[in-house]
Amino acid sequence: MDIGETIAARESLQDESRFIDAVIDIAGSLFCVFDPDGRFLRFNHACELISGWTFEEIRGRPFYEFLIPEGETDGVREALARLRAGDPPTGAATASAHPTGPAPRFPCPTRLRCDAPHGTCMGTAAHSRRA
């Protein structure tokens, strides 16, 4: 492959990445990507609206340290370990911590893909305003 082909391939991948980012950001579902330890790699606009946190505020941080109320983090860590092991998500919702006070219940992913044990996890969830 010559340098021109390499540059064209890189530009094509960048265009595709921008397109995927746009689709994820306008999706009505909550969409996040996190590493096996629960640190956020991606967090779409719907997640920002529901959680009250921006992606810049949470990038690289484990979700259970700031989205999950004290007293519930051990159970969430255990659930994350089960998901990494290949168990299906439960579809349960948990109360969430919010930077400005009480927050709506934050749904656990209803669709989850983990490239266990060392890959990333991607999840989507439909948000319900019911407590």
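Helices (H or I, at least four residues) and strands (E, at least two) are taken here as DSSP runs, numbered from the N terminus. The model is predicted, so local features need pLDDT of at least 70 and side-chain atom pairs count only at pLDDT 80 or more, while totals for chains, interfaces and linings use all residues. Residues are numbered from 1 along each chain as its sequence is written, and side-chain values use heavy atoms, with hydrogens and water left out.

**View 1. The whole chain, to get your bearings.** The chain holds four helices and eight strands. Starting at the N terminus, the elements follow the order α-β-β-α-α-α-β-β-β-β-β-β. Of its 131 residues, 31% count as buried; buried means under 20% relative accessible area, exposed means over 50%, and partly exposed is in between (1.4 Å probe, protein chains only). The accessible surface of the chain is about 8,200 Å², and carbon and sulfur atoms account for 55% of that. These areas come from the Shrake-Rupley method with a 1.4 Å probe, and for residues only the protein chains shown count as cover. Among contacts (heavy atoms within 4.5 Å) between residues at least 6 apart in sequence, 40% join residues at least 24 apart.

**View 2. Gly60 in its loop.** Look for Gly60 in the loop between α3 (55–58) and α4 (73–84). Gly60 counts as partly exposed because its relative accessibility is 37%. Setting aside neighbours within four places in sequence, Gly60 is in contact with Arg39 and Phe40. Asp35 is 25 residues from Gly60 in sequence, and their C-alpha atoms are 8.8 Å apart in space.

View 3. Strand β1 (residues 30–34) runs antiparallel to β2, and three bridges join them; two strands pair if DSSP finds at least two bridges between them. Phe34 stands opposite Phe40 in β2, and Cys32 has Phe43 of β2 as its bridge partner. The two strands form a hairpin with five residues between them, and Gly38 in the turn has a positive phi of about 85°. Which way do the side chains of β1 point? Leu30, Cys32 and Phe34 point one way and Phe31 and Val33 the other way, and all are buried. Because five of the five residues of β1 are buried, this strand is largely enclosed by the rest of the structure.

**View 4. The largest nonpolar core.** A nonpolar core is a set of buried Ala, Val, Leu, Ile, Met, Phe, Trp, Tyr and Cys residues joined through side-chain atoms within 4.5 Å. The largest one here has 19 residues, of which Phe40, Phe43, Ile58, Phe63, Tyr64, Phe66 and Leu67 touch the most other members. The elements giving two or more residues to this core are β1, β2, α2 (45–51), α3 and α4.

**View 5. Asn44 and its surroundings.** The loop between β2 and α2 is where you will find Asn44. Asn44 counts as buried because its relative accessible area is 0%. Not counting residues up to four places away in sequence, Asn44 touches Ile24, Asp25, Ala27, Ser29, Leu30 and Phe31.

View 6. A search of the whole structure finds four salt bridges, each a side-chain nitrogen of Lys or Arg within 4 Å of a carboxyl oxygen of Asp or Glu. In this view, the side chains of Arg42 and Asp21 meet in one of them, at 3.6 Å from N to O. Arg42 lies in strand β2 (residues 40–43) and Asp21 in helix α1, so the pair ties together parts that are 21 residues apart in sequence. Arg42 is buried, at 15% relative accessible area, whereas Asp21 is partly exposed at 32%.

**View 7. Two further salt bridges.** Arg18 forms a salt bridge with Asp15, and their closest N and O atoms are 2.5 Å apart. About one helical turn separates Arg18 and Asp15, because they are three residues apart in helix α1 (residues 3–26). Asp15 counts as partly exposed, at 45% relative accessibility. The side chains of Glu56 and Arg59 also meet in a salt bridge, at 2.5 Å from N to O. Is Glu56 buried or exposed? Glu56 counts as exposed, at 57% relative accessibility, and Arg59 is partly exposed, with a relative accessible area of 46%.
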